[in-house]
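Please work through each task before reading its solution.

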Amino acid sequence: MSNMIDQFSSWLEKRKGHTLSIQKGEHETGKKEVMDIDLVSIQLDSVSLRESEQASIDDYIPNKEIILHGTGQVHGDEKDSPLPEDCFEIPVDDSFQFQGEGADVQVHTDKAIYRISSQ
């Protein structure tokens, strides 16, 4: 898993200053079907890895996540909204997988699949 995180981080580092389009599909609990899709665009300024030693009581807050910093938009059905706190978090869990190369990649976790394109 660590190697995949390093590969993904490296891919992101090469895209600083570019706009990323992110399609996040959340899995239905306990299943692989996607139940909700969010669309986000972010002008990537920097990337960081947040790690917490303390486990979340309800597993809502991940122990580790990759944070994409930059301004962006959450694209809704009726209107777009600014990206909260100028960042987008991708949780890192034991199932984390990174696939792809070039301008289009995918990240898989237990809870979601992220399709990321660099423009």
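Two strands count as paired if DSSP finds at least two bridges between them; helices (H or I, at least four residues) and strands (E, at least two) are DSSP runs, numbered from the N terminus. The model is predicted, so that local features need pLDDT of at least 70, side-chain atom pairs count only at pLDDT 80 or more, and totals for chains, interfaces and linings use all residues. Residues are numbered from 1 along each chain as its sequence is written, and side-chain values use heavy atoms, with hydrogens and water left out.

**Exercise 1.** Determine the order of the open sheet of three strands.

*Solution.* The order is E3-E4-E7, with antiparallel pairing. At the edges are E3 (46-51) and E7 (87-91), each pairing on one side only. Five bridges connect E4 (residues 64-69) with E7, and Glu65 stands opposite Pro91 in E7.

**Exercise 2.** Which strands stand at the edges of the sheet, each with a single partner strand?

*Solution.* Seven strands form an open antiparallel sheet, ordered E6-E5-E2-E1-E10-E9-E8. Strands E6 (80-82) and E8 (97-101) each have a single partner strand, so one side of each is left without a neighbour in the sheet. Here the twist averages 20 degrees from one strand to the next.

**Exercise 3.** Which strands of this sheet does helix H1 touch?

*Solution.* Helix H1 (residues 2-13) touches E1, E8, E9 (104-108) and E10, where contact means heavy atoms within 4.5 Å. The direction of H1 makes about 45 degrees with that of E8.

Note on methods
Axes are lines fitted to C-alpha atoms, for helices over the stretch in contact, and angles run from 0 to 180 degrees between N-to-C directions.
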